[in-house]
Amino acid sequence: MRRKLQSLWRFCLDLLFPPAPTCFFCQRPLPQKGQVCFSCLQAISHPPGPLCRRCGRPLTDKATHCPHCVGADWAFTQARSVGPYTGELRLAVHRLKFRNQQDSARVLARLMFQAIEAEWWPQLDAIVPVPLHRDRARQRGYNQAELLAYELSLLSSCPMQLLLERQQPTPAQTGLSRRQRRLNMQKAFRLAPEAWHRVQQKRILLVDDVLTTGSTLDACARTLRRAGCREVRVVTVAITNKELQ
Ligand SMILES: [Zn+2]
Ligand SMILES: [Zn+2]
């Protein structure tokens, strides 16, 4: 009884004097408006400087493309991400993926929104999440890419459309060559029923949580391009810097 009264009292106090907003990552009180403090934002983001024109990885030399993209014929024209898949950003993706934290999707989508060049938005017709296979979606109860795409659609007013389906659970891709991974992945996606006419000549933003080798996003983009879509760009929360295989 006493505990109930205490929590009721706390609830009333919170209503009257709402607690100061705290940083999503470090939980410290935020001095300014927003959801992430300045030092966390710096820690999770790509360092300032030129990015690979294709995949958005930070460049270490004067090249225009990173080693992942030299000679690669990605079906998407450009990809952007908030930062490298390490530290707090990686933990945040895990929380979103495995603990159904819808709040995480909201904060991460806002960071993605900021990571994309502003001129992208008027050039886009639809936001499309990378689909999960039905069995996986049933197990997890949701698709994290769809949560991010939905939040991005609220921020940008660009509609989210579920234009892709996953046909089969993808076998483990580790240890396979780039070519083998691509062949495996190509079989994994197809256009959703009735989606054909919504793809024609459209410019689409594909959304996923992490860009690892790029083969998943490439396969999705290729499916959309083959169906008649004009251009596909990509945004993810994070990007890995795995050694090339
Ligand atoms: Zn912080
Ligand atoms: Zn690149």
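Buried residues account for 34% of the 245 residues in the protein, which is described here from a predicted model. The secondary structure comprises nine helices and six strands, and the C-alpha atoms fill a box of roughly 65 × 45 × 40 Å along the principal axes. The radius of gyration of the protein is 20 Å, a value that agrees with the one near 18 Å that a compact globule of 245 residues would have. Among the contacts between residues at least 6 apart in sequence, 71% join residues that are at least 24 apart.

The largest nonpolar core of the protein contains 59 residues, of which Met112, Val128, Leu148, Leu206 and Val207 touch the most other members. Strand S6, formed by residues 231–239, gives the most to this core, contributing six residues. When residues up to four places away in sequence are not counted, Met112 touches Val82, Leu148, Leu152, Val235 and Val237.

The packing of two helices was then examined. Two packed helices are described by the angle between their axes and the distance between the axes. For helix H3 (residues 87–98) and helix H4 (residues 102–115), the axes come within 8 Å and cross at roughly 135°. Because angles over 145 degrees would count as roughly antiparallel and those from 65 to 115 as roughly perpendicular, H3 is oblique to H4. The crossing in which H3 passes H4 is left-handed, and the two helices meet through Ala92, Arg95 and Leu96 in H3 and Ser104, Ala105 and Leu108 in H4.

Note on methods: Residues are numbered from 1 along each chain as its sequence is written. Chains are lettered from A and ligands numbered from 1 in the order in which they are written. This is a predicted model: local features need pLDDT of at least 70, side-chain atom pairs count only at pLDDT 80 or more; totals for chains, interfaces and linings use all residues. Helices (H or I, at least four residues) and strands (E, at least two) are DSSP runs, numbered from the N terminus. The radius of gyration is taken over C-alpha atoms; the globule rule is 2.2 Å times the number of residues to the power 0.38. A residue is buried if 20 or more other C-beta atoms lie within 10 Å of its own, exposed if 12 or fewer, and partly exposed in between; C-beta atoms are placed from the backbone. Two residues are in contact if their C-beta atoms, placed from the backbone, lie within 7 Å. A nonpolar core is a set of buried Ala, Val, Leu, Ile, Met, Phe, Trp, Tyr and Cys residues joined through C-beta atoms within 7 Å. Axes are lines fitted to C-alpha atoms, for helices over the stretch in contact, and angles run from 0 to 180 degrees between N-to-C directions. Angles under 35 degrees count as roughly parallel, over 145 as roughly antiparallel, 65 to 115 as roughly perpendicular and the rest as oblique. A crossing is left-handed if the near helix is turned anticlockwise from the far one by less than a right angle, and right-handed if clockwise.
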